[in-house]
Amino acid sequence: MARSALDWIPGELDALAAKGLRRALETIAPVQGPVVEVAGRRLVNLCSNDYLGLAADPRLRRAASDAAEQEGAGAGASRLVAGDLPVHRALEARLAAWKGTQAALLFNSGYHANAGVPAALVGRDDAIFCDVLNHASIVDGCLLSRAELVRYRHRDVDELAGLLARTRARRKLVVTDAVFSMDGDAAPLRELAELCDRHGAMLYVDEAHSAGILGPTGAGLAEALGVSDRVDVHMGTLGKALGAFGAYVAGTQPLAELLVSRARTFVFTTALPPAACGAALAALDVVASEPARRAHVLALTERAKAGLARLGFDVASVVAPILPVVLGSEARALAASSALRERGWFVRAIRPPTVPRGTSRLRVALSAAHEEAQVDGFLAALAEVLPGLPP
Ligand code: PMP
C-alpha cells in the first residue's frame, strides 16, 4: 500500500482505547425523546439535553418546516453579507424580550458564541477569570482572545475576590456557566455580580443548561436569583431545553452592535437556517405557555436526587436536570454504562477531558417527557449494577 501521511492515526486510536478514552458515535432512532432505539433496542434515554422534551414536539417540527417553506432551506450567506432574514430578526426580538435586555444576537451554536464572544470583549492587555469547571467552549474562546486566562476554583468567590483585587489588567471579564454542564450545580451569580461591581469587571454567564428550566419565566438562573440586570453578557443555547439549534447573546444594544462587527464566529459564518429559528420561536411560545413542563422536570430532578443520595452519591448541590453519578475511573463508568444498557437504560459514560481525571461518571439528564416510574426504575437498576462494578 502507498505510504500515507496519516499512518500514525490507527496507533493513536489504539492508545486512546487502551486508556478508556476512545469515543464512538451511536445513532439513536427514530427521533430524540425519552425512549429511543439504539442498535435495534428500545432504551430509556437518560443522556440528552432535551430537558423540556421539545426536540420532537409536533409544534416545533411544524414551525421548522413552515419557516423553511417561507424563507428557504438555507440562509445562503452570512448575516452581514446577504443572509440576514426576517426570521433571524424575529427570533432576536423574542429572545431580548424574554431576557429583558435591549438586544440579542444569534450565533450558530453555543460553541460558536463562547468561542467568539470573549475575543470581542478582551485582548492582550486584559484578563479573563474563569471557573475551572466552565464548559470547553468557554475555555477555547478565552484562549482565542489572547487575554490572560486566570482560573479560579469551582464556585470559589473568595479566591476570585483575591484574584480580582490583585490583577493589573485593563479590562476584566468574569465568565461562568450558570448551571455547570457535568455537575448540575449553580454558579454563585449574586456574589459574582457583587465582585464584578466592586472591581469594574464584566460578567458573562452561559445559561446553556438553565435557560428554559430555571426562573419564573424560564429565562434562567440569573432570573431565578433576581440578578438579570447585573449580568452584562447573557449567553444561552437553543439546542438543549429549547429543542431547536443555535445560540444567542443578549445584552445592551452597543454590546450586540460590537459583536456584529467583531465576533469572528458571527462575522465569518453562514447564518442559521430558517428552520432552526422557526423551531426556536415555537419553543419560546411553549416555554411561556406551559410552565408545568419545567415544574415537572424539576420535580423529577428532586426525586432522582433523593434516590441518588440514598445510594451515597453527592448530588446535594444539583439545581437542574443534570445528575452526576461520579464513579471514578473510566473503566468503572464504562462498565456501569454497559450494565445499565443491558437493563434498558441509555446513559453514556462521561470521561476526561470532558470531566477532570478520576471523576468519570454517568451524567444522568432528565426531561419533562420522562415519568416518575422511569426515574424509580433507573434508581433500582443503578442499585443493582453498582456492586458488580470494577474497583
Ligand atoms: N455551553 C455549555 C455550558 C454547554 O454545555 C454546551 C454544550 N454542551 C455549550 C455551551 C455548547 O452549546 P452548543 O451545543 O449549542 O454548541
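Which helix gives the most to the shell around the ligand? Helix 5 (residues 110-121) does, with three residues. Helices here are DSSP runs of H or I with at least four residues, strands are runs of E with at least two, and both are numbered from the N terminus.

The model is predicted, and local features need pLDDT of at least 70, side-chain atom pairs count only at pLDDT 80 or more, and totals for chains, interfaces and linings use all residues. Residues are numbered from 1 along each chain as its sequence is written.

In total, 14 residues surround the ligand. Such a residue has its C-beta atom, placed from the backbone, within 6 Å of the molecule. The closest are Ser 109, Gly 110, His 135, Ser 181 and Ala 208. The shell holds nine polar, three nonpolar and two charged residues. Ala, Val, Leu, Ile, Met, Phe, Trp, Tyr, Cys and Pro count as nonpolar, Asp, Glu, Lys and Arg as charged, and the others, Gly among them, as polar.

A helix pair was also examined. The axes of helix 2 (residues 58-71) and helix 12 (residues 274-289) come within 7 Å and cross at roughly 140°. Axes are lines fitted to C-alpha atoms over the stretch in contact, and angles run from 0 to 180 degrees between N-to-C directions. The two helices are therefore oblique to each other. Angles under 35 degrees count as roughly parallel, over 145 as roughly antiparallel, 65 to 115 as roughly perpendicular and the rest as oblique. The residues of this contact (C-beta atoms, placed from the backbone, within 7 Å) comprise 13 nonpolar, two polar and three charged.
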